[in-house]
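Hello,

Here is the structure I promised to pass on to you. Please have a look at it first, and then read on for what turned up.

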Amino acid sequence: MATLCLASQVKGSIHKQPIPHRIGELKTSLSSTVKPFIQELEKLPMRIDVSKTIKSVTLRILDAFVDSVFQFVDQPVLPSQRNFVPVEEIGHIAQIEGIVGEIPADFPEGVYIRNGANPLWGGLKSTISVFGKSSHVWVEGEGMLHALYFSKDTNGNWSFAYNNRFVEPKTFKMEKQRNKPSYLPAVEGDSPAILAAFVLNALRFGDVNKILSNTSVFEHGGKYYSIAENYLAQEIDISSLSTLDDWDLGGAWGRPFTTHPKKAPGSGELVIMGVDAVKPYYVVGVISADGKKLIHKADVKLKRSTLAHEIGITQNQPPIDLCLLNVIELCLSHPRYLGYLVSPICDVFAFKGHFGNPIKMEHHKFAKNNFCTGSAYVSKPGGSEEDDGWIVAYVHDEDTDTSHVIVVDAKNFQGEPIAKIPLPQRVPYGHHGAYFQTPSQH
Ligand SMILES: [Fe+2]
């Protein structure tokens, strides 16, 4: 809904200028942009690295061209979109007081992290130029992690702390260093503006879009990662939320990485996939349980690119009636995966039909004008029954414009939360969350 609202607002505000007028503006801009650099070139000493210099000067010309032709403007925000507005980094780990309710003694210590889009530069931007207008869409904001730490002392007393921090892939660092919006929006708007953004982003930065790591978080091999669909996972230090590095598996993967990798039952290996707009469109991979090695990689050989956001793995169910049987065949071609069902597609109904047993469905009703994102399941250490655990969720109260985390007993999901933990600042609506138990609890 929010995406649609933003889209209609942006499209409705476009002002189209006559083409001859635009060409005149473009000529003037190009002339005033290029002249100073030609003068600078004439002053260069004779003994120089020619290719390096040409590249550097070209980049500066392109930057100057973008600066003179494109104007970045704030995208409007409707009152109903107030909690999509980004927040600042809090800058420290804040201790939390005032919890309502009680955390049970058998609740595992750990950290509840949620990822989400939190646009740098105070909000999403559009650009206006002689080419028209183009805009970012809300899923394009930079990734920000929100973390709530659950700790218990030797007497069993609980304490809680909160932190938030941007995920910092290489394009984030580059843009911060430039200290201004740099990538031109290339997703929505007038076709000439989008085409110009494609070309100029590619020429200046080597890629059309920013690397965003704003969708999910996961653990593998004792390490923690932030991820979106368009690039490699970013390793995160969960105690500080700082970004460590790309997880490139020694260069063995080298392509986009799914937001929702899954651990294979039994082996603990990680099954991944990567969708790209160019061939190979869809590749499936398996990473060793210790996270050090890519042990299997297969091109599914799809004939066109289609985004597959989810993947499901099960050890025992037979592969019946799946749209992409070739995915299964390729995965089963590796002897370790005999018996695993891999479904990168379609509509989560497929799962219901395949697994035979009806899926249990319950609802938890929030207080009026309260909405949640990034809920996660916390399994009870040593638990053996279904629903032996809790559901945690980041909740925002639209009336008070404050946020909190709730803990709900999974066995009494429709009942009141057993605990409500206030947060020191608003948490914008975002994407997926996960609860990572501290190693001593595994
Ligand atoms: Fe998702």
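L195, F198, V199 and L203 together make a nonpolar surface patch of about 380 Å². Please keep in mind that this is a predicted model.

α5 runs over residues 191-205, 15 residues in total. From its first C-alpha to its last it reaches 21 Å, close to the 21 Å expected at 1.5 Å a residue.

Which residues of α5 are buried? They are A193, I194, A196, A197, L200, N201, R204 and F205. These cover an arc of only 160 degrees around the axis, so they fall on the same side of α5. On the other side of the helix, S191, L195 and L203 are exposed.

A393 belongs to strand β21, which spans residues 389-397. At 3% relative accessibility, A393 counts as buried, because the cut-off for that is under 20%. Setting aside neighbours within four places in sequence, A393 is in contact with Y112, C372, T373, S375, H404, V405 and I406. Among them, C372 is 21 residues away from A393 along the chain, yet the C-alpha atoms of the two are separated by 6.2 Å.

Enjoy exploring, and write back with any questions.

Best wishes

Note on methods: Residues numbered from 1 in each chain as written. Predicted model: local features only at pLDDT ≥ 70, side-chain atom pairs only at ≥ 80, totals over all residues. Heavy atoms only, no water. Helix = DSSP H or I, 4+ residues; strand = E, 2+ residues; numbered from the N terminus. Expected span 1.5 Å × (residues − 1). Buried < 20%, exposed > 50% of the residue type's maximum accessible area, 1.4 Å probe, protein only. Arc of directions from axis to C-beta. Patch = residues over 30% accessible without salt bridge, like charges linked within 9 Å, V, L, I, M, F, W, Y side chains within 5 Å. Areas by Shrake-Rupley, 256 points an atom, 1.4 Å probe, with all protein chains shown as cover. Salt bridge = Lys/Arg side-chain N within 4 Å of Asp/Glu carboxyl O. Contact = heavy atoms within 4.5 Å.
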